[in-house]
Amino acid sequence: HETQTTCWDHPKMTDLFQSLADLNNVRFSAYRTAIKIRRLQKALCLDLLDLNTTSEVFKQHKLSQNDQLIGVQDVISCLTTIYSGLEEKHKDMVNVPLCVDMCLNWLLNVYDSGRTGKIRVQSLKIGLMSLSKGLLEEKYRYLFKEVAGPTEMCDQRQLGLLLHDAIQIPRQLGEVAAFGGSNIEPSVRSCFQQNNNKPEITVKQFIDWMRLEPQSMVWLPVLHRVAAAETAKHQAKCNICKECPIVGFR
C-alpha cells in the first residue's frame, strides 16, 4: 500500500529468488540450473513428495483432462491435499499454508506469467512431477504416461507438449538459453529420427532417447545427480579454500 505497487511474489519467494542469484557463478549451465532447481525443490518441500503419491492426488482430484484449464482455487485444493499428506510424514519440515502459497506462487510464475489465474492441467502435472522425488527412469515413465494417448504411444505433438511444459522450469529461472531456448522442435525431431521417423513412439523408445540426455532436458538428469551427490564425501582438499574432505558436489 505504501508504494502503491502490485507484487505477485510471496515475500519468502522473493527471498528465495534472490538467494538463487548467488548461484549464477556456477560455471556449467546444466549444473547451475540443476543446483537452482534443487534449492527450489527443497524450499517447496517437493523433495519429500514421491511420484506415486503425486499421481494418486491427481486421480483423487479427477485431473484427467490434460487440456483443461484449472483455476487457482482448484490448484490450491490439489496442493493442500499434497502438503497435508506430507505433513503427516514430516511434521517438522512441512508448514502446509506456507508450502501451498509458495508452490502456487512458483506454478503461476512458471505456467501463468500473464496471471490469468488459470493453468493447464498437464502443466500442473509436469511441473510437480519434474520436482518430485523418485528414480529418474521412473520419472521419465510417469511423464510419458501423462502425455501418451490411450494406446500408450506418443506422437510428435504430444512429445512437443511434454517438452514445452518441462522447459518452462529452467526458462522461469532465466536459464533457457543453454537448453536450446524455448524452441523444442529440434529435440522432438531428434527423438523421432532416432526411431526411424515412425509416427509414434513407445515409452521404452522415449526412455532410451532420454538416456542420451537431449539438450532441452539435460537439466533433469543433472538435478538427480546433484541430489545424489549432496551427501557424498570426497577425501580431497580444495586447492582454493583448503576444505577437506569435500562434501557434496566436487
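Predicted model: local features only at pLDDT ≥ 70, side-chain atom pairs only at ≥ 80, totals over all residues.
Reader: Why is the contact of Glu 230 with Arg 38 called a salt bridge?

Author: The term asks for a side-chain nitrogen of Lys or Arg within 4 Å of a carboxyl oxygen of Asp or Glu, and in this pair the closest N and O atoms are 2.9 Å apart, so the contact meets the definition. Glu 230 sits in the loop between H11 and strand E5 (233–234), whereas Arg 38 belongs to helix H2, and 192 residues separate the two, so that the pair links distant parts of the chain.

Reader: Why is Arg 38 called buried, and what is Glu 230 called?

Author: Buried means under 20% relative accessible area, and because Arg 38 has 11% relative accessibility, Arg 38 counts as buried. Glu 230, with a relative accessible area of 29%, lies between the cut-offs of 20% and 50% and is therefore called partly exposed.

Reader: What makes the pair of Arg 211 and Glu 137 a link between separate parts of the chain?

Author: The closest N and O atoms of Arg 211 and Glu 137 are 2.6 Å apart, which makes the pair a salt bridge. Arg 211 lies in helix H10 (residues 203–211) and Glu 137 in helix H7, so the bridge ties together parts that are 74 residues apart in sequence.

Reader: What makes up the lining of the largest pocket, by residue class?

Author: The lining residues divide into 7 nonpolar, 1 polar and 4 charged. Among the lining residues are Arg 38 and Glu 230, as well as Gly 248, and because Gly counts as polar while Arg and Glu count as charged, these three fall into the polar and charged classes. Helix H2 gives the largest share of this lining, 4 residues, and the space in the pocket is about 410 Å³.

Reader: Which helices each supply at least two residues of the lining of the second largest pocket?

Author: They are helix H3 (51–60), helix H6 (121–131) and helix H7 (136–147), and this pocket has a volume of about 200 Å³.

Methods. Residues numbered from 1 in each chain as written. Heavy atoms only, no water. 1 Å grid on protein atoms, 1.4 Å probe; cavity = no way out; pocket = protein on both sides within 12 Å on 5 of 7 lines; lining within 4 Å. Points joined across faces, edges and corners; volume = space filled by probe spheres on them. Buried < 20%, exposed > 50% of the residue type's maximum accessible area, 1.4 Å probe, protein only.
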